[in-house]
Amino acid sequence: MATGGYGNVFFLSTNAMGCNVTAAWKAHRNGAYFANPCYTQIHPTCIPVTGDYQSKLTLMSESLRNDGRVWVPKAKGDNRRPQDIPDEERDYYLERKYPSFGNLAPRDIASRAAKEVCDEGRGVGASGLAVYLDFADAINRLGKDVVEARYGNLFDMYKHITNENPYEVPMRIYPAVHYTMGGLWVDYNLMTSVPGLYATGECNFSDHGANRLGASALMQGLADGYFVLPYTIGNYLADEIFTKAIPTDHPAFVEAEKKAEERYTKLLSIQGTRTVDDFHKVLGRIIWDYCGMARTAEGLTKARQMVRELREEFWKDVKVTGGMHEFNVDLDKANRVADFLELGELMIVDALNRNESCGGHFRVEYQDEGEAKRDDENYAYVAAWEFTGLEGDPVLHKEELKFENIKLAVRSYK
Amino acid sequence: MKFNLKIWRQKNANAPGKLVDYKIDNVSEDMSLLEMMDVLNEDLVRKNEEPVAFDHDCREGICGMCSMYINGRAHGPVKASTTCQLYMRNFTDGETITIEPFRAAAFPVIRDLAVTRSAFDRIIAKGGFVSVSTGKAQDANNLPVPKEDADKAMDAAACIGCGACAAACPNASAMLFVSAKVAHLSLLPQGQVERKERALAMINQMDEEGFGSCTNIGACEAECPKEISLENIARLNREYIYATVAK
């Protein structure tokens, strides 16, 4: 499987609209362990939300932080235009808090810092959920031509979307869901806990740990697809060389088809009052609020209950139009959202289990003055969850993380 | 903002289609056209009507999935833009917006505004790849590529394969698409191994799919969301002749 990540559980993300967890989730329900589902990357430089009709969020490349300076006004509720706010009344908070890394602080840190200043009431734009990414200094220092050569396409894209010219006014950015580090558990050969089922790329959990760094998703695509899989999958296939093509009247096919048909029939027969997107947006909001950039045991416990209730409501009150044997976009969406409603709970369970902060997983209870506080003694493991039905709790399998050549240490960006 | 929409509705490839009128108000100028379609579809579902099927995916102008013909133009009225990158501020309040699928014999309608563009996939499969030996990666500085070639290859590689060129062309020719793919690879060292076979195989497949011939009209270049230049077609013709002669 190379079926990508599950970031669209949040409804709003930088993922393409078609990305979904269905294939990975079906594998999980059929025995494949799902590892570290709570590790999601919230990318700091995305175009902020403008309204409740918003369907997706657009990523402005990380590279912009090479020359752009991130700031908010020092005073709460400062409504002046950015160009009217003098330098001494601006808070270049990344440069202030992380003088050695400044605007290039890692994504999880930059995202949390943006949330923090917005939560303090110092966010900018109509919603107050945005910070400035300012190129005025870079344009003064390098000239507009150089900035245009470096970032022209991104500036055009920004202008296209927001109708504002970033050469003249600072960009407004806010964090958005971008990548899911968790995924199907795989061994070093990229095989899941189901013999013969291999998972590569974003749909597996490997490579990134709790905190993906810039460009490493591309690296994983290459590593998995180019350097690992060609040398490992053959070991499995070698034993299958005399296995003939499996006919589609095999009992497993028949059963799978029957299950799918039952599910579609059920989805189409509910004929409730709420649309699929309605459920998806509510789910996304729950996950974003309680299992997003900052998580607490209390919030997660509440969120788990909310997701369970929402799932129950979905199967009672969703409205899906059209028929089964036709090109039906509504049914397709309903099928995806039904899976997200199950995955969402597992993300929360995982986040609740991990009583530490690390990378993209920030538990408010575990911090040193705003910095993530790991607990290597108790949590230096991969949490691989086994599906046991939706009623009870999934079973946790721990894969211990052993470091032989390096010593675990806390990385400081200050 | 308020709009009158005329949208092509067609149940499947074999059913007759027609333009259906819809009215929509409370549209924000910051909404994208596809977000307006989402709002319309939500309303339709609530009224127990079937939503309008349309293709979309990344919604940031890079995947090539969205494909509407808006007010008589592929990807609508804004130059160098995909449908998903159209915002309602690009239209006038109260305007009537006509939305149809991409039309070309080789792009049959699946439903409403969604068409199948698998013909492009089959053309790519015929030669839009390079063969590379696995193993140790070779030193990146072994094969220097002149900046001018790299830039031209990059410009051609910007093609997202959306099909606007074929939809805009009165002959439904896919030459701009094929030329971009051939030019991109023939300009780079990696593309040399299959250079001749590629030009011949891709052109052959293009013809088999039923795309029309190029008569140098230039509608493709004018409507291309990625501004792929007609120069690529000249390059494709050269590649084709070279491959035929040198075969």
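In H5(B), the residues B:Met175, B:Val178, B:Lys181, B:Val182, B:Leu185 and B:Ser186 meet B:Arg195, B:Arg198, B:Ala199, B:Met202 and B:Met206 of H6(B). This contact of H5(B) with H6(B) comprises seven nonpolar, one polar and three charged residues. The model is predicted. Helix H5 of chain B spans residues 175–186, and its axis comes within 10 Å of that of H6(B). The two axes cross at roughly 170°. H5(B) and H6(B) are therefore roughly antiparallel to each other, as angles over 145 degrees count as such.

The crossing of H2(B) and H6(B) is right-handed. On the H2(B) side, B:Arg122, B:Ile123 and B:Ile124 take part; they meet B:Met202, B:Gln205 and B:Met206 in H6(B). By class, the contact of H2(B) with H6(B) has four nonpolar residues, one polar and one charged.

Between the chains, 32 residues from chain B and 32 residues from chain A form the contact. The area buried between chain B and chain A is about 2,600 Å². Carbon and sulfur atoms give 55% of that area. Three salt bridges are counted between chain B and chain A. In a salt bridge, the side chain of B:Lys11 meets that of A:Glu326, at 3.7 Å from N to O.

Technical notes. Residues are numbered from 1 along each chain as its sequence is written. Chains are lettered from A and ligands numbered from 1 in the order in which they are written. This is a predicted model: local features need pLDDT of at least 70, side-chain atom pairs count only at pLDDT 80 or more; totals for chains, interfaces and linings use all residues. Side-chain values use heavy atoms; hydrogens and water are left out. A crossing is left-handed if the near helix is turned anticlockwise from the far one by less than a right angle, and right-handed if clockwise. Helices (H or I, at least four residues) and strands (E, at least two) are DSSP runs, numbered from the N terminus. Contact means heavy atoms within 4.5 Å. Ala, Val, Leu, Ile, Met, Phe, Trp, Tyr, Cys and Pro count as nonpolar, Asp, Glu, Lys and Arg as charged, and the others, Gly among them, as polar. Buried area is the accessible area (1.4 Å probe) that two parts lose on being put together, summed over both. A salt bridge is a side-chain nitrogen of Lys or Arg within 4 Å of a carboxyl oxygen of Asp or Glu. Axes are lines fitted to C-alpha atoms, for helices over the stretch in contact, and angles run from 0 to 180 degrees between N-to-C directions. Angles under 35 degrees count as roughly parallel, over 145 as roughly antiparallel, 65 to 115 as roughly perpendicular and the rest as oblique.
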